[in-house]
Amino acid sequence: MALTIPLTLYDQLRHHGEVTYPHECCGVLVGEIDEAGGKAVKTVVQCGNTRTDSPANRYHISPTELVRIQREALLAGHDVVGFYHSHPDHPARWSATDLAEAHWTGCSYVITSVEKGQAVFTNSFLLLDHDEAKRFEDEALEVIEE
Amino acid sequence: MSIKILIPTPLRPYAGKQSIIEVTAQTVDQALSDLVAQHPDLRKHLFSEDGKLRSFVNVYLNDEDIRYLSKGATPVKETDTISIVPSVAGGVRP
């Protein structure tokens with residue numbers, strides 16, 4: 001399965017990581033999920049990073065923001081299909097903390113490496129299973145030219 | 001009375017693939033109990049073995065975290081919506 005995203009939204013989430021550098025950015029991917037599990041991003045919602053104690057290497061999205069985003073997505077006939085965050089001066093691979101604190105099974109976790117303020121690589125990882133069996137798998141990220 | 005619970009994407013497979021479920025309740029606890037009675041597979045994803053909400057599960061009544069209201073005893077009314085949202089966090093530091 002792949003995560004598809006229009007180029008403008010892809011640029012938008014990468015740019016967010018440049019703006020917040022050297023801190024981690026974060027946000028929500030809203031879109032559609034088809035019967036086969038393929039996900040299409042329709043909207044990127046930028047969120048604040050509430051980890052003001054350690055924003056360069058941790059992120060947390062306020063559940064109050066999540067509640068609003070989820071409600072508005074459902075009312076629009078969409079779903080929360082994933083999340084994104086940046087890794088300042090660190091590879092675009094999931095960390096042990098990313099896995100430990102991931103709980104949206106079936107959703108995509110998109111990570112952008114930002115080196116010296118410039119977005120470099122962006123990868124998507126699909127969260128599978130729960131609890132002890134929880135794991136990330138590499139996921140194809142298809143950027144669509146509009 | 002009947003109120004709505006919004007189900008997050010990861011819990012849909014255990015909730016009959018529904019995003020919104022109607023329950024009958026007077027309090028948040030009763031609403032979650034009715035939800036789990038309708039969809040028993042949800043129980044282990046919402047509650048730990050001691051019956052408490054799992055640490056990463058946030059429950060909101062409209063726009064308020066129930067932990068800052070009266071928790072499970074918070075009364076609900078017909079126009080209310082309960083949202084369930086697992087936490088979203090991470091980062092490069094262990």
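Residues are numbered from 1 along each chain as its sequence is written, while chains are lettered from A and ligands numbered from 1 in the order in which they are written. Because the model is predicted, local features need pLDDT of at least 70 and side-chain atom pairs count only at pLDDT 80 or more, whereas totals for chains, interfaces and linings use all residues.

**Stop 1: the sheet of chain B**

Begin by selecting the strands of chain B, where an open sheet of 5 strands with mixed pairing has the order S2-S1-S5-S3-S4. Strands (E, at least two residues) and helices (H or I, at least four) are DSSP runs numbered from the N terminus, and two strands pair if DSSP finds at least two bridges between them. Strand S2 (20-24) and strand S4 (64-65) of chain B stand at the edges with a single partner strand each, so one side of each has no neighbour in the sheet. Next select residues 57-61 and 81-86 of chain B, which are strands S3 and S5, paired in the antiparallel sense over 5 bridges; here Val59(B) stands opposite Ile84(B).

**Stop 2: the helix H1 of chain B**

Which residues of H1(B) are buried? They are Val28(B), Ala31(B), Leu32(B) and Leu35(B), where buried means that 20 or more other C-beta atoms lie within 10 Å of a residue's own, exposed that 12 or fewer do, and partly exposed in between, with C-beta atoms placed from the backbone. These residues cover an arc of only 95° around the axis and therefore sit on the same side of H1(B), the arc being that of the directions from the helix axis to the C-beta atoms.

**Stop 3: where the chains meet**

Show both chains together: 34 residues of chain A are in contact with 23 residues of chain B, contact meaning that C-beta atoms, placed from the backbone, lie within 7 Å. On the side of chain A that touches chain B, H2(A) gives the most, with 8 residues. Select this helix, residues 63-75 of chain A, to see that H2(A) lies across strands S1, S2, S3, S4 and S5 of chain B, at about 115° to S5(B). Strand S4(A) is joined by 3 bridges to strand S6 (residues 88-90) of chain B, running antiparallel, and His60(A) stands opposite Ala89(B).

**Stop 4: strands S1, S7 and S8 of chain A**

Select residues 135-144 of chain A, strand S8, which runs parallel to strand S1 (residues 2-6) of chain A, with 5 bridges joining them; Ile5(A) stands opposite Val143(A). Strand S7 (residues 118-128) of chain A is joined to S8(A) by 5 bridges in the antiparallel sense, and Leu128(A) has Arg135(A) as its bridge partner. S7(A) and S8(A) form a hairpin with 6 residues between them, and Asp129(A) in the turn has a positive phi of about 60°.

**Stop 5: a glycine in a loop**

Finish at Gly48(A), in the loop between strand S3 (39-47) and S4 of chain A. Gly48(A) counts as partly exposed because it has 16 C-beta neighbours inside 10 Å. Its C-alpha atom is separated by 7.6 Å from that of Gly27(A), 21 residues apart along the chain.

Conventions: Two residues are in contact if their C-beta atoms, placed from the backbone, lie within 7 Å. Axes are lines fitted to C-alpha atoms, for helices over the stretch in contact, and angles run from 0 to 180 degrees between N-to-C directions.
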